[in-house]
Amino acid sequence: MLEPKTTPAQAPASTKRGPRVIRRGGREHTVLLGIGAVLAVLVILWGGQLDPFNQGQLTRVAIFAIAIVGLNIATGYIGLLSVGHSAFFGLGAYTTGVLVVKYEWDPLMTIPAALVVCLVVGLLVGLPALRIRGLYLAMVTLAFGVAFPEIVAHFDDLTGGAEGMTIRRQQLRPPEWSGFTLGERSQWVYWLCVVVLLIVMWIAHNMVRGRYGMAMIAVRENEIAAASSGINIAVMKVTAFGVSGAVTGVAGSLFAMYIGSLFAEGSFTLLAGITLLIGLVIGGEATRSGPLVGALAVVFVPYYAAELGQGQVAAVLFAVVLIFVIFVAPAGIVGGIAKAVRKVVVVTPRIPRKPEGTQQS
Amino acid sequence: MLEISDLVMRFGGVTALDRVGFTVADNEICGLIGPNGAGKTSLFNCITRIYRPEEGAVRFNGTDLLSLRRHQIVRHGIVRTFQNLALFPTLSVLDNTVVGAHSTSTPHLVPSLLGWPTTRAARRRVEADAWELLERLELTDLAFHPAAGLPFGTLKRVELARALISRPSLLLLDEPAGGLTHSEVNELGQLILGLRDDYGFSALLVEHHMGLVMGISDHVVAMDFGRTIADGSPAEVQRDPAVAEAYLGRTA
Amino acid sequence: MDIFLSRLFSGMTAGSIYVLIALALVVVFRSSSTINFAQGEFALFTTYVAWWLTERGLNIWVAIPPIIVLGFVMGALAERFLIRPVRKRDETAILIVALGLFTGLNGLDGWIWGSDEKVFPAMFPSGEDDYVSVLGARLHYDSILVWIFAAAVVIGLTVLFKRTSLGLEMRAVATNPESAALCGIKVGRILTISWGLSAAIGSLAGVMLVPTIPPGQLNLASMFQVLIFASAAALLGGLDSVKGAVVGGMVMGIGLAMINGYATFIGGSFSLTFALILIVVVLVVRPTGLYGTRRLERV
């Protein structure tokens, strides 16, 4: 264990002497977290007063970040590669679409509905995962992703089929209590997505930092040892897939509210599923902020690529960035940054001490 | 008390276990020896439900182990270590140990997601427990280091810590001395005996290092070609001609 | 009867294409124990190149050999520079690289040639009157020729695997790369050749596929469905079995033609969903497929 070095406040820690050590929960750590929180709040507030177009971009970032957090649970943490997660995204979107258009639900109420629907479907899709190894599971999810638009087209009286479904703006009006008018719809959607993103990231943080997350990583890294330690592999895999689908489904639900018109062949195809996966890998699998970075890539790479050529350039660019990341920084951008930061500063957890007066467990 | 009787296990044409049977008493250290391919690891894998034997029974304190699923074994007080180590590389030494307590203190999904106080309190308790074990095994310096990249001997101790945190009644040790230097093996022997005295468990030890086996075992079983060829005290087994033949006959 | 035969024939034609792509998947699986998800996009790219050549005035038959070579080169380069470096890591790394190739190649096609539909010249005479009458059903010449080409590739591969030393080396590399290397087999070269061969087969399949399978035009999504059907076929037959790919491909082709033809009460196209269900069933019930070799796992 390295001793904390006392370095002058202005000079950076010399790498020859090793990284500076900070205790989690200590004063320096709290200060750093505080700065981070303030920055995040500033960014969010700044986004809140942007013009509709740019605000819409940030809204899309939030939506895709939620979707990728979902994917991260199944693919990053438990290690079940899911190529067709776009199907959950689409399922959530269509759940909202159908409930709002056909049954005149309040859009906000459709979010829990989408969550439940996708949770159930995720559990079902997760069942084959019990018997099928990584490569083959990827094939199943691939087929699922390709089949989804076809299934949507099939139930065309419900979903509008291949022509798509449009949700009228009136139906998506902001609720009374939000203080937004119909004209400020994009603001409402922005804040809604940001809040949901924060909630989802907080939940993911809890899961990952806790022993449940540790158990998931254990399952991914060594199933036999995990089972010997008492972890029920089957239940954990299926549950993880269900939760993963549910979170991505929530993102889909928000997407429907944001975009107002659903077109399966456009947004919920296999390419969309692969894009989510690429976003996850670029951002950093099994990291807490990787999905956000991935979402930034997913939204802004096509946007800036459009200036270079026709729409398809984005895909080429993605492929190039992906391959670059896999070769140079397999832990993704966030993983790479974390590694670099660790050369300068290392946060060590508190030493566990037995609470006074308690029995041994 | 572990009772193995008439265990039969086949892989295609090969009979790995041919009516194997013996007993491990409470608090006893039992050594399992035999040339490579004798079926020792297959036996372990049957007990821990990685393999399913064709015939026979394995009972622990009256419970039929063969009716249990893999993750239920540890709940009945049986843990194992692995010959080639089976740790979780990206988790820290402390976290690897904590995972071992999964069965005694199971984290549940929904409370975990919400960061419920009871979940966090449970975690603190388990971590404190783990820390005590790490202190006992002299691993505290590396507690927050990821398991990947640590020396082999150290990782063997981490596996022990992970095994012990669930306060097991039976420890299955698969070649714990493999890859250790001579002095490390001596330390290991003393460590196992000390842990047994402190925490109270029986152990079934698969091992090639005769010094270790004969040194710490109360009871030794020898296997060859999937059969038990000797079963008794270390001295008795060492003198048994069948055992000598199994070993010396091989080196010809 | 004649309708049944019509469906049978079109099913066999589609099936032949699935057989070819399934074979391409099998060739890669046999050497690398993994699936090249980008298989379809390699084929698509070379098909676009073929289209482009015909636009320049080249006869389609003249264009085919160069694009098969192009396919081979692309597959070989991909293996050598993109796949091989990540082989040593976990298997998902290879899958992700393949998915990257998938998106990248698809995007490249769109960037270079645009996303509109292209009219693709048929290899074989496929006019209204180019058929043979069999028991009242029309058997078009192009169907027959597709079958012949597919059969030729099947025979060629069978000979390769069973009779040549290259085939033997490929099998050795698939089962145990370390031992194969110790025997003096140049594992890297074998892998590169396997991927090249696989992509070459895919290229041939691509040019035959576009004119014969609806919609008959070339567009960016041309290969998505085929990849799924061929994957289901390969899985059904057994991922390391040539015979399995043939059986699986034909079952898929004929089966889909029959279902789409007769089971109209289902309404609309359920082909992909059917393929998905088939994949899941095969993987759960009999993961090695009908003819694949069983693998024992050692703890």
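This is a predicted model: local features need pLDDT of at least 70, side-chain atom pairs count only at pLDDT 80 or more; totals for chains, interfaces and linings use all residues.
1. Extent of the A–C interface. On the chain A side, 39 residues are in contact with 47 residues of chain C. The two chains bury about 3,900 Å² between them. Carbon and sulfur atoms account for 80% of that area. A:Leu135, A:Met139 and A:Glu150 supply 17% of what chain A buries against chain C, more than any other three residues.

2. Polar terms. Salt bridges between chain A and chain C number zero. Two residue pairs are in polar contact across this interface, both at pLDDT 80 or more.

3. Where the chain A side comes from. Three helices of chain A each supply at least two residues of the side that touches chain C: H5 (134-154), H12 (270-283) and H14 (313-328). H5(A) gives the most, with 14 residues. By class, the chain A side has 31 nonpolar, five polar and three charged residues.

4. Helix H5 of chain B. H5(B) runs over residues 152-164, 13 residues in total. From first C-alpha to last it reaches 19 Å, close to the 18 Å expected at 1.5 Å a residue.

5. Burial of H5(B). Of its 13 residues, 11 are buried, so the helix is largely enclosed by the rest of the structure. Charged side chains are on the list: the buried residues include B:Lys156, B:Glu159 and B:Arg162. B:Leu155, B:Val158 and B:Leu160 are also among them.

6. What covers H5(B). The cover includes helix H9 (223-228) of chain A. From chain B, it includes strands E6 (78-80) and E7 (170-174), with helices H2 (93-99), H4 (117-136) and H6 (182-199).

Key. Residues are numbered from 1 along each chain as its sequence is written. Chains are lettered from A and ligands numbered from 1 in the order in which they are written. Side-chain values use heavy atoms; hydrogens and water are left out. Contact means heavy atoms within 4.5 Å. Buried area is the accessible area (1.4 Å probe) that two parts lose on being put together, summed over both. A salt bridge is a side-chain nitrogen of Lys or Arg within 4 Å of a carboxyl oxygen of Asp or Glu. A polar contact is a pair of N or O atoms within 3.5 Å; within protein, one must be able to donate a hydrogen and the other to accept it, and residues adjacent in sequence count only if both atoms are side-chain atoms. Helices (H or I, at least four residues) and strands (E, at least two) are DSSP runs, numbered from the N terminus. The expected span of a helix is 1.5 Å times one less than its number of residues. Buried means under 20% relative accessible area, exposed over 50%, partly exposed in between (1.4 Å probe, protein chains only).
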